[in-house]
Amino acid sequence: MALVPYEETAGMGLQRFHKPLATFSFANHTIQIQQDWKQLGVAAVVWDAAVVLSTYLEMGAVELRGCCAVELGAGTGLVGIVAALLGGGV
């Protein structure tokens, strides 16, 4: 179980979740995701797990071209966006 404090000043590692915009580079594209921790909480920020899985997909570990993918519980949808950019039907 993990405990995530909701105060902006609670921890140095959590400050990036309070920024209104998160920017990433995957599949030769710049992806900007709007975040809204204050209004929508933990479902409206890009978590490290999404970045790690997107990196894994970009490395070619899974062939997505011609395949269909369903992203459940995706939060901001970064993994689905990357999967689509890599040729998957999402």
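What follows goes from the whole chain down to single residues.

**Ground rules**

This is a predicted model, in which local features need pLDDT of at least 70 and side-chain atom pairs count only at pLDDT 80 or more, while totals for chains, interfaces and linings use all residues. Residues are numbered from 1 along each chain as its sequence is written, and side-chain values use heavy atoms, with hydrogens and water left out.

**The overall picture**

The protein has 3 helices and 2 strands, and along the sequence they come in the order β-β-α-α-α. Helices here are DSSP runs of H or I with at least four residues, strands are runs of E with at least two, and both are numbered from the N terminus.

Of the 90 residues, 31% count as buried. Buried means under 20% relative accessible area, exposed means over 50%, and partly exposed is in between, using a 1.4 Å probe and protein chains only. The accessible surface comes to about 6,100 Å², with 58% of it belonging to carbon and sulfur atoms; the areas come from the Shrake-Rupley method with a 1.4 Å probe, and for residues only the protein chains shown count as cover.

As for how the chain meets itself, take the contacts between residues at least 6 apart in sequence: 47% of them join residues at least 24 apart. Contact means heavy atoms within 4.5 Å.

**Two helices side by side**

Two packed helices are described by the angle between their axes and the distance between the axes. H2 and H3 pack at about 15°, with their axes 9 Å apart. The axes are lines fitted to C-alpha atoms, for helices over the stretch in contact, and angles run from 0 to 180 degrees between N-to-C directions.

Which residues make the meeting? From H2 come Ala-50, Val-51, Leu-53, Ser-54 and Leu-57, and from H3 come Leu-78, Val-79, Val-82 and Ala-83. The buried residues of H3 are Leu-78, Val-79, Gly-80, Val-82 and Ala-83, and their cover includes strand S1 (21-26), strand S2 (29-34) and H2. After H3 comes Gly-87, with a positive phi near 105°.

**Leu-64, between the helices**

Leu-64 sits in the loop between helix H2 (48-58) and helix H3 (78-85). Is it buried or exposed? Leu-64 is buried, at 11% relative accessible area. Leaving out residues up to four places away in sequence, Leu-64 touches Leu-57, Ala-83, Leu-86, Gly-87 and Gly-88. Val-90 is 26 residues from Leu-64 in sequence, with 9.7 Å between the C-alpha atoms.

Most residues other than glycine have a negative phi, and most peptide bonds are trans. The loop between S1 and S2 holds Ala-27, whose phi is positive at about 50° although it is not a glycine. Asn-28 lies in that loop between S1 and S2 too, and its phi is positive at about 60°.

Here is how some residues of this region compare on accessibility.

| Residue | Relative accessibility | Class |
|---|---|---|
| Ala-27 | 14% | buried |
| Asn-28 | 80% | exposed |
| His-29 | 38% | partly exposed |
| Thr-30 | 61% | exposed |

His-29 is in strand S2, and beyond residues up to four places away in sequence, it touches Phe-24 and Leu-85. The C-alpha atoms of His-29 and Leu-85 are 8.2 Å apart, though 56 residues separate the two along the chain. Thr-30 also lies in S2; leaving aside neighbours within four places, Thr-30 is in contact with Thr-23 and Phe-24.

**An aromatic pair**

The count of aromatic pairs comes to 1. Phe-24 and Phe-26 form it, stacked, at 6.4 Å centre to centre and 25° between the planes. Rings of Phe, Tyr and Trp (its six-membered ring) pair if their centres lie within 6.5 Å; planes under 30 degrees apart count as stacked, over 60 as edge-to-face and the rest as tilted. Both Phe-24 and Phe-26 are buried.
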